[in-house]
Amino acid sequence: MEIKKIRGAIEAILFASGDAVSTDRVAQVLSLDRTTAAKLMQSVMDDFNTEDGGVRIVKLEDSYQMCSNPAYAEEVRQALDLRRNTPLSQAAMEVLAIVAYNQPVTKAFVEQIRGVDCSGVLGSLTAKGLIEERGRLELPGRPLLYGTTSDFLRCLNISSLSELPPLPHKQEETEEEEAGEEVEQS
């Protein structure tokens, strides 16, 4: 298959899916090696993501997804008569940060850090699709484990958790380690 047709097929797959599609899946369907599929998907994404374009392709870890350009969010919201998403509460932001930086985590872990019951907040974040159940811990009672979703990445406009900013105490430790290395090298 020629490159133009492969690129067209990638666009069609991403459009028809509605969800993120992994590079491995595209490689399998189009009979490509993984490296070639990744390069072609990145190339299609680069071509699609123009400043004035209405549709964008975003990379979410090792998957790609078509979505509307955030610049046109208000127009899309009005056309589809969508109500504006309400912002997350401070408690929800705290729980989301705990889950994002420490996943997979149990409800008890989150409550230990926050010092209050988090059942309602975890339920709300799950309903919004920002966190999901990731199985159960092999301990008595088999507590649920929670982790973030691809919707969480999309909302933050990042492609992987490695793009999250460092936590303040971890940043201080890193700076102290770097300062220690500089002293040793002197």
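By contact I mean heavy atoms within 4.5 Å. With that settled, here are my notes on this one, which is a predicted model.

1. **Overall make-up.** The chain runs to 186 residues, and 29% of them are buried. Its secondary structure comes to nine helices and six strands. As for how far along the sequence the contacts reach, take those between residues at least 6 apart: 42% of them join residues at least 24 apart.

2. I'd start with Val 95. Setting aside neighbours within four places in sequence, Val 95 is in contact with Val 110, Arg 114, Cys 118, Val 121, Leu 122 and Leu 125. Val 95 also belongs to the largest nonpolar core, a set of 21 residues, where Val 95, Val 110, Leu 125, Ile 131 and Phe 152 have the most contacts inside the core. Two or more residues of this core come from each of strand S2 (55-60), helix H5 (90-102), helix H7 (119-127) and helix H8 (150-156). H5 supplies the largest share, with six residues. As a general point, nonpolar side chains in soluble globular proteins tend to be buried together.

3. **A second core.** There is also a separate core of 17 residues, and Ala 9, Val 21, Tyr 64 and Met 66 are among its members.

4. **How H5 meets H7.** How do the axes of these two helices cross? They come within 10 Å of each other, at a crossing angle of roughly 80°. Angles of 65 to 115 degrees count as roughly perpendicular, so that is the label for H5 against H7. On the H5 side, the residues involved are Ala 91, Ala 92, Val 95 and Leu 96, and they meet Val 121, Leu 122 and Leu 125 of H7. By type, this contact has seven nonpolar residues, no polar ones and no charged ones.

5. **Gln 65, worth a look.** Gln 65 sits in strand S3, which covers residues 63-68. Is Gln 65 buried or exposed? Its relative accessibility is 6%, and buried means under 20%, so Gln 65 counts as buried. Leaving out residues up to four places away in sequence, Gln 65 touches Leu 14, Gly 18, Asp 19, Ala 20, Arg 56, Ile 57, Val 58, Leu 60 and Arg 154.

6. **A cis peptide bond.** Check the link between Gln 103 and Pro 104: the peptide bond there is cis, with omega about -5°. Pro 104 falls in the loop between H5 and strand S4 (105-106).

7. **Positive phi at Ser 31.** Ser 31 is not a glycine, yet its phi is positive, about 55°. You'll find Ser 31 in the loop between helix H2 (23-29) and helix H3 (34-48). With a relative accessible area of 65%, Ser 31 is exposed.

8. **Positive phi at Arg 142.** Arg 142, another residue other than glycine, has a positive phi near 40°. The loop here is the one between strand S5 (131-136) and strand S6 (144-148). Arg 142 has 38% relative accessibility, so it counts as partly exposed.

Notes
Residues numbered from 1 in each chain as written. Predicted model: local features only at pLDDT ≥ 70, side-chain atom pairs only at ≥ 80, totals over all residues. Heavy atoms only, no water. Helix = DSSP H or I, 4+ residues; strand = E, 2+ residues; numbered from the N terminus. Buried < 20%, exposed > 50% of the residue type's maximum accessible area, 1.4 Å probe, protein only. Core = buried A, V, L, I, M, F, W, Y, C linked by side-chain atoms within 4.5 Å. Axes fitted to C-alpha atoms, helices over the stretch in contact; angles between N-to-C directions. Parallel < 35°, antiparallel > 145°, perpendicular 65-115°, else oblique. Nonpolar A, V, L, I, M, F, W, Y, C, P; charged D, E, K, R; others polar.
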